[in-house]
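Hi,

Here is the structure I promised to hand over. Have a look, and then read on for what turned up in it.

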Amino acid sequence: MGIYSEEINKRRTFAIISHPDAGKTTLTEKLLLYGGAINLAGSVKGKKTSKHAVSDWMEIEKQRGISVTSSVLQFKYNGYCINILDTPGHQDFSEDTYRTLMAADAAVMVIDGSKGVENQTIKLFKVCVMRHIPIITFINKMDRDSKNPFDLLEDIENVLGINTCPMNWPIGSGKEFMGVYDRKEEKIVCFTANNGQKEVEKEELLLTDPDLDSKLMYGQRDRLLEDIELLDGAGNEFDLDLVRKGELTPVFFGSALTNFGVEIFLKEFLNLTSKPLAREAGDTIIEPDSDFFSAFVFKIQANMNKAHRDRVAFMRICSGKFDKNMEVYHVQADRKMKLSQPQQIMAQEREIVDEAYAGDIIGVFDPGIFSIGDTIVTPGQKFKFKGIPTFAPEHFALIRQKDTMKRKQFIKGMNEIAQEGAIQIFHEPESGMEEVYVGVVGVLQFDVLKYRLENEYNVEIIMNTLPYQYVRWIDSDSDYKTLDLASDTKVVQDFKGNNLLLFRSDWSINWALEHNKELRLREFDENL
Ligand code: G4P
């Protein structure tokens with residue numbers, strides 16, 4: 001027990017992940033409603049189209065109906081302090097989702113019951129599984145015709161490679177949706193459409209009710225009994241240990257829009273997840289209730305507010321307490337500092353935070369000093385948190401500005417967007433930034449880059465996509481000038497002066513290795 005344990009034990013920090021349109025915004029809104037963070041259903045959703053939208057702040061997101069960036073919301077419920085990290089809804093931004101997951105202790109996966117696991121989301125959900133944190137599934141839109149619930153579970157198991165354990169079970173769907181059977185309480189919670197506000201008293205039925213047949217639709221009782229037998233006999237048993245290790249996902253069926261099954265989901269979620277998790281820093285483990293403050297930067301976002309041209313570094317507090325006026329030590333930069341304008345984003349508003357605890361996320365004004373993965377601690381501490389890996393880019397383009405007079409803005413824009421981790425940039429050895437090679441994980445990132453350069457930096461660009469598929473860092477001992485390479489292999493440099501090779505295929509990688517026995521290649525930049 002540390003001096004801040006009481007506050008820290010109340011914290012829950014989770015990321016919410018879904019395919020666009022599965023109902024992430026609606027579910028988040030309903031959760032906020034329970035916390036009293038908003039008063040009226042519809043106020044988060046309504047913001048989506050307004051100028052001040054929180055989570056969907058970029059025009060491009062609206063145009064494409066996807067969320068490109070993530071935001072953080074905090075609310076209180078039943079004595080808990082809950083931080084929700086929103087994530088991009090498209091797999092082209094799965095690296096951003098992964099970084100956000102690094103700051104979370106659990107993930108909620110929202111699936112549209114009529115669609116199941118959708119293609120675009122497979123990669124997103126897979127990064128979730130990679131983190132080995134609890135994943136809780138909410139199968140949404142049961143008030144619409146849904147797929148067979150067994151097929152939905154099979155989908156999750158096969159596609160994502162994680163076992164499922166339904167906590168409740170739907171009775172019908174769409175017009176025939178009668179409610180869910182709560183497996184723990186062994187009772188049926190009847191569906192009442194409550195379009196918006198807090199959950200109302202629900203009618204409950206027992207399986208032993210002699211009138212059950214007439215209270216449900218034709219055949220539903222028998223079907224339910226069969227389903228329960230099958231689940232009890234052949235389904236995965238609930239095991240909290242496996243849930244905590246991210247090997248078993250508890251599944252809840254419900255309907256966010258009609259506010260059915262949301263509060264019970266929230267309550268169970270709080271039981272299924274734990275207080276903020278300890279974090280690795282080299283060989284030591286930093287416990288959240290240590291008395292000293294520590295945090296790491298997991299996300300940097302420039303121009304969140306275009307009028308102010310600000311840049312915000314988001315930090316996850318890993319231990320201790322943060323105080324607005326405290327002095328901290330930025331380990332990577334080796335300097336003491338105060339964190340400027342620390343803020344928390346509460347529902348729609350940003351607020352200055354006076355204090356925050358392990359598990360919380362704060363955004364601080366960043367004049368360009370932070371990088372993703374940086375560690376901030378109480379002066380006197382010197383450890384570094386385990387870094388956040390970068391994904392190897394899979395798509396490449398050569399980019400230059402249309403108007404050469406805009407060179408300064410072009411360089412600034414490219415550098416800043418690269419610092420955010422939204423793109424990786426390279427150039428020809430011994431040349432400047434006339435032309436920049438850009439690598440991304442998903443092609444939509446190119447669209448975002450083009451859009452942001454035009455809108456935030458006022459620079460139009462010419463973009464030629466390139467046929468490369470792989471990038472490899474050359475071990476510093478090898479001299480790139482003497483390498484014998486296939487004609488379609490390209491030497492480039494990153495902006496720290498490291499040499500890399502761009503390859504079109506596995507074949508060219510093997511060719512390079514066979515023709516240069518001394519050559520050592522790495523998939524990642526170790527210095528990141
Ligand atoms: P997202 O953030 O995951 O992209 O999804 P979002 O919550 O915006 O929901 C996408 C659409 O699905 C919305 O309809 C929303 O009202 C609807 N929806 C969400 N949950 C449920 C549910 O449980 N049942 C039903 N029937 N619909 C649900 P829309 O028409 O795109 O928006 P709007 O016109 O309702 O605002």
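On the face turned away from its buried side, α9 carries the exposed residues E226, E229, G233 and A234; exposed is over 50% relative accessible area, buried under 20%, and partly exposed in between (1.4 Å probe, protein chains only). This is a predicted model, where local features need pLDDT of at least 70 and side-chain atom pairs count only at pLDDT 80 or more, while totals for chains, interfaces and linings use all residues. Numbering starts from 1 along each chain as its sequence is written, and side-chain values use heavy atoms, with hydrogens and water left out.

The buried residues of α9 are Q220, L224, D227, I228 and L231. They cover an arc of only 100° around the axis, which puts them on the same side of α9; the arc is that of the directions from the helix axis to the C-beta atoms. They pack against α7 (149-160), β6 (163-166), β7 (168-171), β8 (179-182) and β9 (187-190), contact being heavy atoms within 4.5 Å. Helices (H or I, at least four residues) and strands (E, at least two) are DSSP runs, numbered from the N terminus.

Further along, eight strands form an open antiparallel sheet in the order β27-β24-β26-β25-β29-β30-β28-β31; strands pair if DSSP finds at least two bridges between them. β27 (461-466) and β31 (521-522) stand at the edges with a single partner strand each, so one side of each has no neighbour in the sheet. Within the sheet, four bridges join β28 (residues 470-474) to the antiparallel β30 (residues 499-503), and V471 stands opposite L502 in β30.

Best wishes
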